[in-house]
Amino acid sequence: MLTFAAADCLVITLTSNAWAGYQNNVGRSRNTKFGEETQKTSSRKKKKKAMEDYGVYHPVKLDDRRKQALVDTNAATHAHDLQAFLDMTKKAIPDYLPVYKWDPEPDVPSHLYTYKWKQYYTIENSKITAAYRKSVMNHNRNVKVKTVKHGLKLTWKAKKGKHKQQLPVITYKQSKLTVNGRVLNKYKRNRVGAPTVPEKTKGTNTAYLEFQTPFWIKLAIAVSLLGQFAAVVWGLLWRGGSFKKREEKKE
């Protein structure tokens, strides 16, 4: 009963958040783009544009154009074409991303410790957001990304004289990256893990990205499932034994 109640509350929460804008204040955040119509920046806001590019949050007026974009985006969550929502909405907040580079930590006096550390992480998060926006959201459209059975397939045509290509994907420690039939064990990553890989001088290049689940995760899942199964069996046996004892007492 608790499980079903929790699931029902979750559905209600997700539905409410979806209509409100998918995350807290996402409809008012400049880090969220709803289609091309809301990506324009007026001349009055040009001074803040540089800060926006670094992912700093700025509340903006929820005008009629942005409200309509929210309505259209919400409607896309109920469309048969599941790609429509992803095409309309881009979230530049890089949640759950690996970070491969941090700037030197600040060495500050104790009375400024909390303020300086908060400032440091704010700046770092802004840089991470900027790296994510540049390498994934606004990536080179020459690279085509397609989902396949075990991960992602990326294809692109090499330009003459160019021998490296940054791919608009994120790699983790457990990622397996194969480029033109060769598994890469070492390659350059940017701050959020977008890889830069060697490419053919000419012609079509193909890369595959897979995530290799660690064995301990599979083991933990197996133990959890077996534990639940054992609990159910034990419960049935216990109920059966109790029922049998009651029947014997009645006799």
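These legends go with close-up views of a predicted model.

Before you zoom in: residues are numbered from 1 along each chain as its sequence is written, and side-chain values use heavy atoms, with hydrogens and water left out. Because the model is predicted, local features need pLDDT of at least 70 and side-chain atom pairs count only at pLDDT 80 or more, while totals for chains, interfaces and linings use all residues.

**View 1. An open sheet of three strands, in the order β5-β9-β8.** The pairing here is antiparallel. Strands are DSSP runs of E with at least two residues, helices are runs of H or I with at least four, and both are numbered from the N terminus; two strands pair if DSSP finds at least two bridges between them. At the edges sit β5 (164-166) and β8 (188-189), each pairing on one side only. Strands of a sheet pair through backbone hydrogen bonds, either parallel or antiparallel.

**View 2. How β9 meets its two partners.** Look at β9 (residues 195-198) and β8 to find two bridges between antiparallel strands. On this side, Arg189 stands opposite Pro195 in β9. Then turn to β5, which is joined to β9 by three bridges and also runs antiparallel to β9. There, Gln166 is the residue opposite Thr196 in β9.

**View 3. The β8-β9 hairpin.** Five residues lie between the two strands, and Gly193 in the turn has a positive phi of about 95°.

**View 4. A salt bridge between Glu124 and Arg191.** The closest N and O atoms are 2.9 Å apart; the rule asks for a side-chain nitrogen of Lys or Arg within 4 Å of a carboxyl oxygen of Asp or Glu. By that rule the count is one salt bridge. Glu124 lies in helix α5 (residues 113-137) and Arg191 in the loop between β8 and β9, so the pair ties together parts that are 67 residues apart in sequence. Both residues are buried, where buried means under 20% relative accessible area, exposed over 50%, and partly exposed in between (1.4 Å probe, protein chains only).

**View 5. Tyr172 and Phe211, an edge-to-face aromatic pair.** The rings are 6.4 Å centre to centre, with 85° between the planes. Rings of Phe, Tyr and Trp (its six-membered ring) pair if their centres lie within 6.5 Å; planes under 30 degrees apart are stacked, over 60 edge-to-face, and the rest tilted. The count by this rule is one aromatic pair. Tyr172 sits in the loop between β5 and β6 (175-179), and Phe211 in strand β10 (residues 204-211), 39 residues apart. Tyr172 is partly exposed at 30% relative accessible area, and Phe211 is partly exposed too, at 47%.

**View 6. A nonpolar surface patch made by Phe215, Leu219 and Val223.** The patch covers about 330 Å². Patch members have over 30% relative accessible area and no salt bridge; nonpolar side chains (Val, Leu, Ile, Met, Phe, Trp, Tyr) are joined within 5 Å, like charges within 9 Å. Areas come from the Shrake-Rupley method with a 1.4 Å probe, and for residues only the protein chains shown count as cover. Phe215 belongs to helix α6 (residues 215-250) and is exposed, at 63% relative accessible area.
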